[in-house]
Amino acid sequence: MDDQKIVELIQSHKHDKVFTTLYKYFPVVKKMILANGGRAEDAEDIYQEALIVFYRKAASPGFVLTASINTYLYSICRFMWMEQSRKQQKQNFVEIEKETLSETEFIADIEAESQFSLAEKVISDLGERCRELLILFYFHSKKLKDIAAKMGYNSENTAKNQKYKCLEAAKNRLKLLKSM
Amino acid sequence: MRKELELMETIENYINGKLSAADKAAFEKKMQADPQLQKEVQLQKELMEGITRAAIKQSAQKGLKKYKLNRNLKNWGLTGLTAAVLVAGSVFLYNTATKSPHAGNAPNELPELNEQGSKLWSDADKYLPLQSFELNTEKDTVVETQDGIVFAIPAHTFLDAGGKPATGTVQLEIKEALKAADIMKGGLNTKSGDKLLETGGMFYINARQGDASLKIDPKNAIYAEVPSDEAKPGMQLFEGKRLADGSIDWVNPKPIRKDLIPVDILSLDFYPPHYLDSLKSWGYDISNKKFTDSLYYSFATLFISAERAAIEKARQDSIAAVEAALAAEYAAKIAQYDSAPVEEHWGKEPAWDYSGDDLYHPWEGINPAEIKAVWDEKFKNTLLATREFEERLPYIHRTCNSHVLDLYINNLDKNLCTIDSMAAFLFSDAEGGSQMSASSQNPEFLQFAARGDGKVKNGEKNVELLKAYYQQKSKMYTEAIAKTVNEFWGKQGELNRDAAEKRSEQQAKDQQRNAENFKQELELNLDEAYRQLGKKRPTPLPGSPYGLHIATTGWYNVDAYVIQSTQTRTTLDYTDPETGKKAVINYEPLSVTIENYKEYDRVLVYLLPDELSSFQRMPNMNGVFEEKLNELMRYKLVCLAYKGDRSFYFSKDEMGKGKLSVSLIEASDKDIEANIGKLSKRSQSKAMHDELRYIDFEKAEAKRQQQLVKIKELTNRIRPVIFPCMAAKTDSAIIVDSVGDEAGDF
């Protein structure tokens with residue numbers, strides 16, 4: 001599947017297939033991170049973050065592909081790993097790929113994404129049903145009727161009520177975390 | 001809905017642009033007045049982003065799982081996935097959900113007989129929803145359940161009642177209880193007999209063709225991946241036994257072994273920890289495997305037998321003694337040839353200190369020859385050729401205990417976790433034995449053991465052969481390496497001796513030339529002196545060399561003065577007491593300075609008088625070349641300088657007294673010699689030719705010595721990295737020249 005097709009899939013909200021495909025670019029990133037003092041888990045975490053950044057960008061309306069997805073992902077991972085590992089060791093960086101984008105191409109995207117990590121943590125910490133409900137509604141844009149059926153709520157209204165309760169819980173938690 | 005919730009609804013509509021124009025304006029006015037409200041809106045917006053992020057993350061995690069699974073399947077040779085089956089399964093699921101909105105609590109309709117052919121069904125069977133998949137037995141299939149358990153089912157893996165592989169389509173039945181809710185719904189417990197278990201998830205799997213249940217072919221097992229948040233060590237697979245009261249007891253625990261996947265063994269890193277990093281940080285090219293290998297393996301010389309070590313030591317001591325003596329001798333004669341002050345090793349031998357410890361025991365470390373023996377294609381498809389083993393190697397290196405390494409190599413047919421536990425309890429006593437102790441000596445290996453790593457599929461062939469190979473090769477390599485290394489240093493010793501000899505010869509040559517020069521100059525001076533005095537020179541008595549008293553009284557004084565004057569190169573001013581005539585021969589100073597003198601490695605200045613058959617070297621007085629010129633002679637000047645591989649030159653045809661500052665020009669050696677040839681007489685150019693050849697020799701020698709120093713430095717620096725258990729010792733290690741082109745090819 002070529003890059004353009006991947007972008008089209010993202011924009012038409014067909015993510016599952018997309019992510020499986022995008023992992024084909026993972027081995028090179030893993031190699032780079034392992035070669036520079038990282039472990040397999042670091043590689044997975046960093047790559048996941050890069051995927052999220054990329055996905056967000058590609059899903060935004062009017063997105064146009066200016067570099068190959070491979071290069072984009074690799075460059076982000078390289079940048080993030082350099083930042084992270086600089087705290088741990090100061091050695092010369094072993095380059096795996098020669099072609100990388102300059103920071104200016106993606107630093108804004110990374111920073112934008114990082115602002116939401118607290119909110120995401122709050123959502124992930126919600127109970128499973130709350131989380132599933134919120135994701136089904138807000139991300140997958142499923143109708144309340146369908147959600148009620150799937151999740152076993154008595155009526156559409158119940159689902160709606162539940163949704164806002166979950167949101168409230170999340171909001172309160174977010175307020176709390178932010179004030180700390 | 002509560003007020004607060006209604007507010008959230010309003011905010012949401014505002015964010016999504018669902019408010020009417022009027023409402024929107026009103027809301028914005030409210031926002032302007034109330035900063036608290038603004039905050040609420042902001043938070044909600046942020047939450048939306050958080051939800052998006054969480055959703056994307058979920059998808060990404062799923063993608064990672066699929067990627068890993070596909071990777072494993074490829075290695076297993078399972079290809080040709082039938083995705084259609086998955087779709088069929090999820091459609092079925094969806095339909096059941098819409099049909100009965102209270103699907104949660106109604107019992108399922110069950111077939112008459114269970115998978116074992118009896119009529120006993122448990123609550124779990126009744127109350128957990130069935131996921132059904134249609135399978136084509138001719139193809140490998142991957143099935144993913146609703147909660148994310150993935151089954152990889154090879155083709156022909158189901159057997160009918162007669163033990164033959166089922167053909168055509170079969171129905172796969174799966175029930176899962178991964179979530180707490182499902183576990184409760186199914187009345188499942190997490191007890192095995194009386195023991196309480198911590199569950200990573202439970203599932204039911206069966207395959208039917210028609211009404212009959214099929215069995216799974218034990219040789220062709222199904223691979224299941226159960227999703228969990230963390231991999232807990234010590235997880236085991238229990239079989240579920242239905243009890244009469246409808247519950248399930250969990251029995252027959254089998255440890256879950258993670259199968260190892262072999263990779264290209266040469267792509268793994270078997271070096272001691274930080275070996276490559278250190279070399280890299282010192283500026284070496286670590287992609288040059290020949291270099292990194294030969295440097296590391298050369299340390300095998302530290303493991304040769306004690307007897308040989310003693311012999312070796314004795315030999316090295318004698319070499320050292322001879323060299324020390326020669327060095328001392330030469331140092332005494334070095335003054336004349338001393339040129340640029342930067343040149344420190346011209347003629348000076350580095351003092352190799354061979355007075356190290358015993359080369360054999362106790363040497364705490366892993367013998368590199370052992371690593372060399374197994375870091376080899378021969379061990380592909382064994383547990384050594386896995387990332388899992390590579391993970392353990394740094395720890396093995398750090399134990400500095402060869403027996404730990406041996407454990408892994410000698411037990412290739414066992415599970416990796418078994419070997420890990422053996423390693424944890426291993427200690428070796430100094431005499432080379434290894435024993436198991438009651439308490440863990442190497443606790444870090446217990447953590448490895450807890451991971452339950454298993455074996456490489458079909459990696460158990462030829463274990464005995466490989467064991468024997470390993471032992472044989474380790475010994476062989478150790479000896480071969482020691483031999484190569486000794487030969488290298490032996491050769492260096494020889495070269496050192498040759499160099500010392502050559503220098504002696506050169507000394508003799510120099511002395512001879514000086515003597516000859518003196519003789520000729522003296523002749524010249526005497527002739528001139530006598531000419532000025534108007535007298536005839538007496539023939540010298542046979543057998544009376546100049547420099548001694550001449551036994552003719554009358555002329556004694558003249559000769560003596562001339563000799564003295566020539567020797568000291570001072571002006572002769574003699575008056576014949578008889579006739580009052582004078583004999584005057586002037587010696588006038590010449591001082592030559594070289595521009596940028598300090599930048600060259602060596603600088604040499606020569607005088608080529610027409611009247612002598614050879615050349616004279618101008619003495620170097622701290623960078624200024626000074627000599628007294630004899631007014632009777634016509635001098636040519638030649639300056640030579642060298643920097644690295646470059647040569648520099650200057651010549652002057654008529655050199656007179658005074659001061660001269662010389663600016664050298666870069667030239668090729670060929671041109672330099674040609675120029676000298678044109679400038680001087682044949683005998684002189686020949687003498688200079690010999691001189692230049694000698695300079696070449698000294699240059700090459702200096703280079704060789706520099707390389708030896710570099711090797712020595714690298715050895716000393718890397719040794720504590722390779723053998724972290726030994727404190728830094730002096731240069732008792734001897735290694736192969738891995739910096740030059742002699743990289744030992746074992």
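The axes of helix 7 of chain A and helix 10 of chain A come within 9 Å and cross at roughly 130°, where axes are lines fitted to C-alpha atoms, for helices over the stretch in contact, and angles run from 0 to 180 degrees between N-to-C directions. Helix 7 of chain A is therefore oblique to helix 10 of chain A; angles under 35 degrees count as roughly parallel, over 145 as roughly antiparallel, 65 to 115 as roughly perpendicular and the rest as oblique.

Welcome to a predicted model, in which local features need pLDDT of at least 70, side-chain atom pairs count only at pLDDT 80 or more, and totals for chains, interfaces and linings use all residues. Residues are numbered from 1 along each chain as its sequence is written, while chains are lettered from A and ligands numbered from 1 in the order in which they are written. Helices (H or I, at least four residues) and strands (E, at least two) are DSSP runs, numbered from the N terminus.

**Around helix 10 of chain A**

On the helix 7 side of the contact sit A:Leu118, A:Ala119, A:Val122 and A:Ile123, and helix 10 of chain A brings A:Ala170, A:Arg173, A:Leu174 and A:Leu177. Two residues are in contact if their C-beta atoms, placed from the backbone, lie within 7 Å.

Helix 8 of chain A also packs on helix 10 of chain A, at an angle of about 110° and with the axes 10 Å apart; these two helices are therefore roughly perpendicular to each other. Here A:Cys130, A:Leu133, A:Leu134 and A:Phe137 of helix 8 meet A:Gln162, A:Lys163, A:Cys166, A:Leu167 and A:Ala169 of helix 10 of chain A.

The table sets out the classes of residue in both contacts.

| Contact in chain A | Nonpolar | Polar | Charged |
|---|---|---|---|
| Helix 8 with helix 10 | seven residues | one residue | one residue |

Ala, Val, Leu, Ile, Met, Phe, Trp, Tyr, Cys and Pro count as nonpolar, Asp, Glu, Lys and Arg as charged, and the others, Gly among them, as polar.

A:Ala169 deserves a visit of its own. Leaving aside neighbours within four places in sequence, A:Ala169 is in contact with A:Leu126 and A:Cys130. Its C-alpha atom is separated by 9.4 Å from that of A:Ile123, 46 residues apart along the chain.

**Where the chains meet**

Between the chains, 37 residues of chain A are in contact with 33 residues of chain B. Helix 10 of chain A gives the most to the side of chain A that touches chain B, with nine residues. That side of chain A divides into 20 nonpolar, eight polar and nine charged residues.

**Strands of chain B**

In chain B, five strands form an open antiparallel sheet in the order 22-21-25-26-28; two strands pair if DSSP finds at least two bridges between them. Its edge strands, each pairing on one side only, are strand 22 (616-617) and strand 28 (665-667) of chain B. Helix 17 (residues 669-679) of chain B packs on the sheet, touching strand 25, strand 26 (646-655) and strand 28 of chain B. Eight bridges join strand 21 (residues 602-609) of chain B to strand 25 (residues 635-643) of chain B, and B:Arg602 stands opposite B:Tyr642 in strand 25 of chain B.

Elsewhere in chain B, strand 2 and strand 3 form a hairpin with five residues between them, and B:Gly148 in the turn has a positive phi of about 100°. Four bridges join strand 2 (residues 141-144) of chain B to strand 3 (residues 150-153) of chain B.
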